[in-house]
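User: I have a structure here that I would like to go through with you. Could you keep the answers careful and spell out your cut-offs?

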Amino acid sequence: MSIGEFSRVAGMDELPRGASLCVEVGGREILLCHTADGVFAVDNLCSHAQARLCEGKLKGQKILCPLHGAAFDVRDGRALSRPAIRPIASHKVKLDGESIMVALGD
Amino acid sequence: MTKENSQPGEARASGASVADTLATDSRGAPPPLLQQQYQFLGDSDIPCSRYTSQAFADLETERLWGRCWQWACREEHIPDVGDNYVYNIGPYSVIVVRSAQDGIRAFVNSCTHRGTRLLGAEGVGFSPRITCPFHGWSWSVEGRLESLPARWDFPHVGDDSHDLQAVKCETWGGFVFINLDPDALPLAEYLDVMPQHFQHYPLERRRVRLHVQKILPANWKAAQEAFMEAYHNFETHDAPNGANAQYDIFGSYVSRFIHNIGNYSAESLADYPGNKWRDPPLTENQLLQSLSVFGLEQEEVPAGETARSVAAEDLRRLIGKALGVDLSSVSDTLMLDSIEYHLFPNMFFFPGITVPMAYRFRPNGDDIDSSIFDLMVLEPLPEGAEHPEPPEPFKLSVEQSYTEVEALSWLAPVYDEDTGNLDLQQQGLKASRKPGITLGNYQEARIRRVHLTLDEFLKE
């Protein structure tokens, strides 16, 4: 699939509120996060030392890296705490009935 | 005008005391709220330099913040093994971690290799292993050194010589307390009467509904002292009640005020300026109207009842329904009043239902002229319910108003008033030619108690 094109990655039944789920889109690991503000998709790898964020924890709107405790805002991928400084990529999400559709950003 | 007495500290405002009010309430109060324990602690001035001097603040850093018990977070901030909470106090930083389902540990937030702070930001985190971002040394949640890359280069590092540096950690009332002094006395001793009193209003069965963290433009002591007396109510809040509040001193670490809501005595304002609320005094109906901010349904006080009894009954029903808790037997005073326990040096706990807060005031890094004020609203939790994940704090700068936090509702303008004097006070303390501040013997005794205990800590 190409950048910008939506594809189905999971069903809403797999992602209750407060949960996160790692899916693969075009060979890339993407983390889906269901927060009080809705469903968001970000890269699964921490921008600091490439730990897999799916092994961390979603708290509120933050995903916490299991390795050094860096936090990212899952709504836009912004790095919220050191040691991470660079953001992680954030991807477009739309819901089609019970399907979660993701289009890769860059 | 007032109940005069020759002994300093024995005079009181005229009118019904808190004990008088509690005795005529519609439902009896738990025994600790009927207790009165005031002590005269002296009347000399408190030096302004305690609020403005860098040398004094440095001494506090070393001998107060490095030695006293202080709450770092709530237990529900770290429900699962691997959850952690970073708490910063002045230059110090502590990691509180859930090390086992029933175990909480605390460590100095510093690598035992070259000192790097291990976890960056204050607040909640999750690390099943704590790993230093510099060279990758890592520790278990029990603080054991588990991985040391290039072990061959460190023959001088023993098997347990470089574990994380443990910090004393205990819990009470759903709060996790830490103490950086390895020789600190046990928390239970420090809490004095609190565990016994709070059996009647357990804080572990509360949830964090709201957490607001604001920077205040005053030294941490000046900031907290704005919340230790109700004497300011008349001028700061334009409110009639406050002069009859009760103040108690329980030992060196704990003090309390009980400030009745929904009543007042016109006589208590005898020597206040003007005739406001004195001539004519407010009627019971007017008093009830002043409580409309609580969202009461009743608009009139039936004959033979009081604004307090009507409001308390309304709130039992309304709050009980909203929270799913049975408040039918809760006393009027717990339903309505501002009941505030202070735990040395900087913590406040309110057992009330309508006024249900916890506060913490601490220095803002190394700036003596500003402080961080954490305010939590702690709602009763229904029986059997588990603690939900606490909300992230709203962070407000010095310039921002509490009214930006919609969930604070009627409390927002009150906090704006309380904190609105602080910049003026901090600047005035610096400008004063008079070397010290003067305190009222009764209404401001809690402030003096804190300074006396602080002196004990600051001794060599």
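User: Which side chain does the side chain of Asn44(A) make a polar contact with?

Analyst: The partner is the side chain of Glu29(A), at 2.7 Å; a polar contact here is a pair of N or O atoms within 3.5 Å, where within protein one must be able to donate a hydrogen and the other to accept it, and residues adjacent in sequence count only if both atoms are side-chain atoms. This is a predicted model, in which local features need pLDDT of at least 70 and side-chain atom pairs count only at pLDDT 80 or more, while totals for chains, interfaces and linings use all residues. Residues are numbered from 1 along each chain as its sequence is written, chains are lettered from A and ligands numbered from 1 in the order in which they are written, and side-chain values use heavy atoms, with hydrogens and water left out.

User: And which backbone nitrogen does that side chain of Asn44(A) reach?

Analyst: That of Cys54(A), at 2.9 Å. Asn44(A) itself sits in the loop between β4 (38-43) and β5 (57-59) of chain A, where strands (E, at least two residues) are DSSP runs numbered from the N terminus.

User: Is Asn44(A) buried or exposed?

Analyst: Asn44(A) is buried, with a relative accessible area of 0%; buried means under 20%, exposed over 50% and partly exposed in between, using a 1.4 Å probe and protein chains only.

User: Switching to chain B, why is strand β4 said to be largely enclosed?

Analyst: Because seven of the nine residues of β4(B), residues 92-100, are buried, the strand is largely enclosed by the rest of the structure.

User: Which strands pair with it?

Analyst: On one side, β3(B), residues 83-89, pairs with β4(B) in the antiparallel sense over six bridges, and Ile89(B) stands opposite Tyr92(B). β4(B) also pairs with β5(B), residues 103-108, again antiparallel and over six bridges, with Arg98(B) opposite Ile104(B). Two strands count as paired if DSSP finds at least two bridges between them.

User: What about the turns?

Analyst: The hairpin of β3(B) and β4(B) has two residues between the strands, and Gly90(B) there takes a positive phi near 55 degrees. Two residues also link β4(B) to β5(B) in a hairpin.

User: How many disulfides are there over all chains?

Analyst: Zero, from a search of the whole structure, a disulfide being a pair of cysteine sulfur atoms within 2.5 Å. For Cys73(B), the nearest cysteine sulfur is that of Cys169(B), 7.9 Å away, which is too far for a bond.

User: Is Cys73(B) buried or exposed?

Analyst: Cys73(B) counts as buried, at 1% relative accessibility.

How values were computed: Helix = DSSP H or I, 4+ residues; strand = E, 2+ residues; numbered from the N terminus.
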